[in-house]
Amino acid sequence: MTQKIKTALSVLIAAFPALFFSQQIKQMTVGEVAEMAVQNHQQLKVSDRNIDIAKQNINVAKLQKLPTITASTSQFYLGMR
């Protein structure tokens with residue numbers, strides 16, 4: 001029974017080596033791990049976008065405080081006979 005399991009496992013590993021050996025090992029420093037965690041954290045991405053939106057709203061509010069200048073012209077003809 002044990003021999004059959006070992007044989008089946010050997011055939012499986014030989015047939016599909018990518019299932020068992022496809023992952024690459026990469027050594028990283030603590031700083032690299034922290035940076036990757038910050039880059040991939042969804043809530044931080046959402047917060048970053050909210051900060052961008054708030055900055056744009058501030059710029060809009062500043063522009064609305066500036067004076068508005070409007071000009072218009074009109075023309076008419078009063079004809080006499």
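**Exercise 1. What pLDDT does the protein chain average, and how many of the residues score at least 70?**

Solution. Start with the kind of model: this one is predicted, local features need pLDDT of at least 70, side-chain atom pairs count only at pLDDT 80 or more, and totals for chains, interfaces and linings use all residues. Residues are numbered from 1 along each chain as its sequence is written, and side-chain values use heavy atoms, leaving out hydrogens and water. Next, recall that pLDDT is the predictor's confidence in each residue, from 0 to 100. The protein chain averages 83, and 85% of the residues score at least 70.

**Exercise 2. Find the helices, then say which element has the lowest mean pLDDT.**

Solution. Helices (H or I, at least four residues) and strands (E, at least two) are DSSP runs, numbered from the N terminus. The protein chain has four helices and zero strands, giving the pattern α-α-α-α along the sequence. Helix α2 (residues 17-21) has the lowest mean pLDDT, 60, while α4 has the highest, 92. Where pLDDT is low, the predicted coordinates should not be read in detail.

**Exercise 3. Is Arg-49 buried or exposed?**

Solution. Buried means under 20% relative accessible area, exposed over 50%, and partly exposed in between (1.4 Å probe, protein chains only). Arg-49 has 53%, so Arg-49 is exposed. Asp-48, at 39%, is partly exposed, and Asp-52, at 32%, is partly exposed too. Across the protein chain, buried residues make up 0% of the 81 residues.

**Exercise 4. Which residues form a nonpolar patch on the surface?**

Solution. Look at Met-28, Val-33 and Met-36: these form the patch, with about 240 Å² of accessible area together. Patch residues have over 30% relative accessible area and no salt bridge; like charges are joined within 9 Å, nonpolar side chains (Val, Leu, Ile, Met, Phe, Trp, Tyr) within 5 Å. Accessible areas come from the Shrake-Rupley method with a 1.4 Å probe, and for residues only the protein chains shown count as cover. Met-36 lies in helix α3 (residues 30-40) and is partly exposed, at 39% relative accessibility.

Terms used: A salt bridge is a side-chain nitrogen of Lys or Arg within 4 Å of a carboxyl oxygen of Asp or Glu.
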